[in-house]
Amino acid sequence: MAKQERAERTRANLIRAAAAVFDEVGYERATLAVISDHAQVTKGALSFHFAAKSDLARAVQAEACATSGAALKVCAERSGPAFQAVVDMTYTLVGLLESDVVTRAGVRLARELETPEDPALHCHVNWLGSLFQALRRAEADGTALPGADARSAAALVMSVIVGAETMARTRADRAFGEARPAPRETAQEWLGRMWHVVRPVLAPAA
(Lines give C-alpha, C1' and ligand atoms only; values in the text may rest on other atoms or scores of the structure.)
Protein backbone atom coordinates (compact mmCIF):
# COMPACT_ATOMS: atom_id res chain seq x y z
CA MET A 1 0.00 0.00 0.00
CA ALA A 2 2.82 2.42 0.87
CA LYS A 3 4.47 1.69 -2.49
CA GLN A 4 1.21 2.34 -4.32
CA GLU A 5 0.69 5.61 -2.47
CA ARG A 6 4.22 6.74 -3.37
CA ALA A 7 3.56 5.90 -7.01
CA GLU A 8 0.33 7.89 -6.96
CA ARG A 9 2.09 10.87 -5.37
CA THR A 10 4.86 10.70 -7.95
CA ARG A 11 2.34 10.57 -10.79
CA ALA A 12 0.42 13.56 -9.41
CA ASN A 13 3.69 15.45 -8.95
CA LEU A 14 4.67 14.73 -12.56
CA ILE A 15 1.32 15.94 -13.86
CA ARG A 16 1.64 19.20 -11.95
CA ALA A 17 5.26 19.68 -13.04
CA ALA A 18 4.32 19.00 -16.66
CA ALA A 19 1.44 21.46 -16.37
CA ALA A 20 3.81 24.18 -15.14
CA VAL A 21 6.17 23.60 -18.06
CA PHE A 22 3.39 23.38 -20.66
CA ASP A 23 1.83 26.55 -19.24
CA GLU A 24 5.13 28.42 -19.48
CA VAL A 25 6.55 27.29 -22.83
CA GLY A 26 3.84 25.31 -24.61
CA TYR A 27 3.77 21.72 -25.81
CA GLU A 28 6.34 21.90 -28.60
CA ARG A 29 9.08 23.54 -26.53
CA ALA A 30 8.50 21.41 -23.43
CA THR A 31 10.91 18.50 -22.97
CA LEU A 32 10.73 15.45 -20.74
CA ALA A 33 14.13 16.38 -19.30
CA VAL A 34 12.87 19.78 -18.14
CA ILE A 35 9.68 18.24 -16.75
CA SER A 36 11.58 15.58 -14.79
CA ASP A 37 13.91 18.27 -13.39
CA HIS A 38 10.91 20.39 -12.44
CA ALA A 39 9.32 17.40 -10.68
CA GLN A 40 12.67 16.47 -9.09
CA VAL A 41 12.44 12.87 -10.28
CA THR A 42 14.65 10.81 -12.55
CA LYS A 43 13.88 10.33 -16.22
CA GLY A 44 13.42 6.67 -15.43
CA ALA A 45 10.72 7.45 -12.89
CA LEU A 46 8.99 9.71 -15.40
CA SER A 47 9.14 7.03 -18.11
CA PHE A 48 7.66 4.48 -15.70
CA HIS A 49 4.51 6.58 -15.42
CA PHE A 50 4.41 8.20 -18.87
CA ALA A 51 5.98 6.67 -21.96
CA ALA A 52 5.82 9.85 -24.03
CA LYS A 53 5.28 13.59 -23.78
CA SER A 54 1.89 13.16 -25.45
CA ASP A 55 0.80 10.84 -22.61
CA LEU A 56 1.74 13.50 -20.08
CA ALA A 57 -0.17 16.13 -22.04
CA ARG A 58 -3.30 13.98 -22.08
CA ALA A 59 -2.97 13.40 -18.33
CA VAL A 60 -2.73 17.16 -17.75
CA GLN A 61 -5.78 17.75 -19.93
CA ALA A 62 -7.76 15.07 -18.10
CA GLU A 63 -6.80 16.50 -14.70
CA ALA A 64 -7.74 20.03 -15.81
CA CYS A 65 -11.16 18.81 -16.94
CA ALA A 66 -11.70 16.83 -13.75
CA THR A 67 -10.76 19.78 -11.52
CA SER A 68 -12.76 22.41 -13.37
CA GLY A 69 -15.68 20.04 -13.99
CA ALA A 70 -15.96 19.29 -10.27
CA ALA A 71 -15.95 23.02 -9.49
CA LEU A 72 -18.69 23.64 -12.06
CA LYS A 73 -20.77 20.83 -10.57
CA VAL A 74 -20.65 22.56 -7.19
CA CYS A 75 -21.97 25.76 -8.79
CA ALA A 76 -24.72 23.89 -10.64
CA GLU A 77 -25.93 22.12 -7.50
CA ARG A 78 -26.27 25.22 -5.32
CA SER A 79 -29.80 26.23 -4.51
CA GLY A 80 -31.04 29.50 -5.96
CA PRO A 81 -31.72 31.05 -9.37
CA ALA A 82 -30.18 29.11 -12.23
CA PHE A 83 -28.80 32.22 -13.91
CA GLN A 84 -26.81 32.98 -10.77
CA ALA A 85 -25.24 29.56 -11.20
CA VAL A 86 -24.09 30.66 -14.67
CA VAL A 87 -22.50 33.78 -13.21
CA ASP A 88 -20.90 31.76 -10.42
CA MET A 89 -19.48 29.35 -13.00
CA THR A 90 -17.72 32.20 -14.80
CA TYR A 91 -16.11 33.51 -11.62
CA THR A 92 -15.10 29.98 -10.64
CA LEU A 93 -13.46 29.31 -14.00
CA VAL A 94 -11.69 32.65 -14.13
CA GLY A 95 -10.45 32.00 -10.60
CA LEU A 96 -9.06 28.63 -11.68
CA LEU A 97 -7.38 30.19 -14.71
CA GLU A 98 -5.72 32.71 -12.40
CA SER A 99 -4.69 30.30 -9.65
CA ASP A 100 -4.45 26.74 -10.97
CA VAL A 101 -1.59 25.91 -13.32
CA VAL A 102 -3.13 22.58 -14.33
CA THR A 103 -6.33 24.27 -15.55
CA ARG A 104 -4.34 26.89 -17.48
CA ALA A 105 -2.15 24.22 -19.04
CA GLY A 106 -5.15 22.09 -19.95
CA VAL A 107 -6.71 25.02 -21.81
CA ARG A 108 -3.44 25.82 -23.60
CA LEU A 109 -2.92 22.21 -24.64
CA ALA A 110 -6.45 22.03 -26.06
CA ARG A 111 -5.51 24.98 -28.30
CA GLU A 112 -2.13 23.60 -29.32
CA LEU A 113 -2.91 19.91 -29.79
CA GLU A 114 -5.53 18.11 -31.82
CA THR A 115 -7.90 17.16 -29.01
CA PRO A 116 -11.04 15.01 -29.25
CA GLU A 117 -14.28 16.84 -28.53
CA ASP A 118 -14.47 14.92 -25.28
CA PRO A 119 -15.47 16.79 -22.11
CA ALA A 120 -13.07 14.55 -20.18
CA LEU A 121 -10.13 15.95 -22.19
CA HIS A 122 -11.13 19.29 -23.73
CA CYS A 123 -11.75 22.01 -21.14
CA HIS A 124 -13.75 24.27 -23.42
CA VAL A 125 -16.06 21.44 -24.46
CA ASN A 126 -16.48 20.56 -20.77
CA TRP A 127 -17.25 24.15 -19.80
CA LEU A 128 -19.59 24.79 -22.72
CA GLY A 129 -21.67 21.77 -21.74
CA SER A 130 -22.03 22.96 -18.15
CA LEU A 131 -22.86 26.51 -19.22
CA PHE A 132 -25.38 25.29 -21.78
CA GLN A 133 -27.21 23.12 -19.24
CA ALA A 134 -27.25 25.91 -16.66
CA LEU A 135 -28.62 28.38 -19.20
CA ARG A 136 -31.36 25.91 -20.16
CA ARG A 137 -32.31 25.68 -16.48
CA ALA A 138 -32.23 29.47 -16.21
CA GLU A 139 -34.67 29.80 -19.09
CA ALA A 140 -36.95 27.23 -17.42
CA ASP A 141 -36.98 29.02 -14.05
CA GLY A 142 -37.41 32.47 -15.63
CA THR A 143 -34.04 33.90 -14.57
CA ALA A 144 -32.85 34.08 -18.20
CA LEU A 145 -34.66 35.94 -20.95
CA PRO A 146 -37.11 33.66 -22.75
CA GLY A 147 -36.46 32.59 -26.32
CA ALA A 148 -32.68 33.05 -26.22
CA ASP A 149 -30.64 30.46 -28.05
CA ALA A 150 -28.88 28.60 -25.23
CA ARG A 151 -26.06 27.52 -27.52
CA SER A 152 -25.28 31.08 -28.58
CA ALA A 153 -25.65 32.28 -24.99
CA ALA A 154 -23.21 29.61 -23.79
CA ALA A 155 -20.74 30.64 -26.51
CA LEU A 156 -21.11 34.30 -25.45
CA VAL A 157 -20.50 33.46 -21.79
CA MET A 158 -17.47 31.37 -22.77
CA SER A 159 -16.14 34.36 -24.71
CA VAL A 160 -16.53 36.49 -21.58
CA ILE A 161 -14.48 33.99 -19.55
CA VAL A 162 -11.70 33.81 -22.13
CA GLY A 163 -11.81 37.56 -22.70
CA ALA A 164 -11.49 38.42 -19.01
CA GLU A 165 -8.47 36.14 -18.64
CA THR A 166 -6.90 37.61 -21.79
CA MET A 167 -7.44 41.22 -20.73
CA ALA A 168 -5.82 40.56 -17.36
CA ARG A 169 -2.64 39.58 -19.23
CA THR A 170 -2.77 42.41 -21.78
CA ARG A 171 -1.43 45.94 -21.48
CA ALA A 172 -4.23 47.78 -23.28
CA ASP A 173 -3.50 51.37 -22.21
CA ARG A 174 -2.61 52.55 -25.73
CA ALA A 175 -5.56 50.72 -27.25
CA PHE A 176 -7.85 52.64 -24.89
CA GLY A 177 -6.12 55.97 -25.59
CA GLU A 178 -4.73 56.35 -22.06
CA ALA A 179 -1.61 58.49 -21.85
CA ARG A 180 -0.36 56.92 -18.62
CA PRO A 181 -0.30 53.24 -17.72
CA ALA A 182 -3.31 52.40 -15.59
CA PRO A 183 -3.13 49.85 -12.77
CA ARG A 184 -3.51 46.40 -14.25
CA GLU A 185 -6.88 44.88 -13.43
CA THR A 186 -7.36 41.27 -12.45
CA ALA A 187 -9.36 38.80 -14.51
CA GLN A 188 -12.04 38.88 -11.82
CA GLU A 189 -12.30 42.67 -12.17
CA TRP A 190 -12.52 42.42 -15.96
CA LEU A 191 -15.16 39.74 -15.57
CA GLY A 192 -17.27 42.07 -13.43
CA ARG A 193 -16.97 44.82 -16.05
CA MET A 194 -17.97 42.46 -18.84
CA TRP A 195 -20.96 41.04 -16.97
CA HIS A 196 -22.21 44.61 -16.48
CA VAL A 197 -22.42 44.87 -20.29
CA VAL A 198 -23.55 41.32 -21.10
CA ARG A 199 -26.05 40.53 -18.36
CA PRO A 200 -28.90 42.71 -19.72
CA VAL A 201 -28.70 40.75 -22.98
CA LEU A 202 -29.21 37.42 -21.23
CA ALA A 203 -31.29 38.04 -18.10
CA PRO A 204 -34.20 40.27 -17.08
CA ALA A 205 -33.52 43.17 -14.75
CA ALA A 206 -33.39 42.12 -11.12
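**Helix packing and a salt bridge in a predicted model**

The end C-alpha atoms of residues 31-50 lie 13 Å apart, and this span is 75% helix and 0% strand. The structure is a predicted model, in which local features need pLDDT of at least 70, side-chain atom pairs count only at pLDDT 80 or more, and totals for chains, interfaces and linings use all residues. Residues are numbered from 1 along each chain as its sequence is written, and side-chain values use heavy atoms, with hydrogens and water left out.

Q: What does UniProt list for residues 31-50?
A: An unreviewed UniProt entry lists residues 31-50 as "DNA-binding region"; such annotations may be inferred rather than shown by experiment.

Q: How many helices and strands does the protein chain have?
A: The protein chain has nine helices and zero strands, counted as DSSP runs (H or I, at least four residues, for helices; E, at least two, for strands). Along the sequence, the pattern is α-α-α-α-α-α-α-α-α. The C-alpha atoms of the protein chain fill a box of roughly 60 × 50 × 30 Å along the principal axes.

Q: Why are H5 and H7 called roughly antiparallel?
A: The axes of helix H5 (residues 82-99) and helix H7 (residues 123-141) cross at roughly 160° and come within 7 Å. Angles over 145 degrees, on a scale from 0 to 180, count as roughly antiparallel, and H5 and H7 therefore receive that description. H5 passes H7 in a left-handed crossing.

Q: What makes the contact of H5 with H7, by class?
A: The contact (heavy atoms within 4.5 Å) has 11 nonpolar, one polar and two charged residues. Among them are Phe-83, Met-89 and Leu-93 of H5 and Trp-127, Ser-130, Arg-137 and Asp-141 of H7.

Q: How do H5 and H8 cross, and which residues meet?
A: The axes of H5 and helix H8 (residues 150-168) come within 10 Å and cross at roughly 30°, and the crossing is right-handed. Val-86, Thr-90, Leu-93, Val-94 and Leu-97 in H5 meet Val-157, Ile-161, Ala-164 and Glu-165 in H8. By class, this contact has seven nonpolar, one polar and one charged residues.

Q: Why is the pair Arg-104 and Asp-23 called a salt bridge?
A: The side chains of Arg-104 and Asp-23 meet at 3.2 Å, N to O. A salt bridge requires a side-chain nitrogen of Lys or Arg within 4 Å of a carboxyl oxygen of Asp or Glu, so the pair qualifies. Arg-104 lies in helix H6 (residues 101-112) and Asp-23 in helix H1 (residues 2-29), so the pair ties together parts that are 81 residues apart in sequence. The structure holds eight salt bridges.

Methods: Angles under 35 degrees count as roughly parallel, over 145 as roughly antiparallel, 65 to 115 as roughly perpendicular and the rest as oblique. A crossing is left-handed if the near helix is turned anticlockwise from the far one by less than a right angle, and right-handed if clockwise. Ala, Val, Leu, Ile, Met, Phe, Trp, Tyr, Cys and Pro count as nonpolar, Asp, Glu, Lys and Arg as charged, and the others, Gly among them, as polar.
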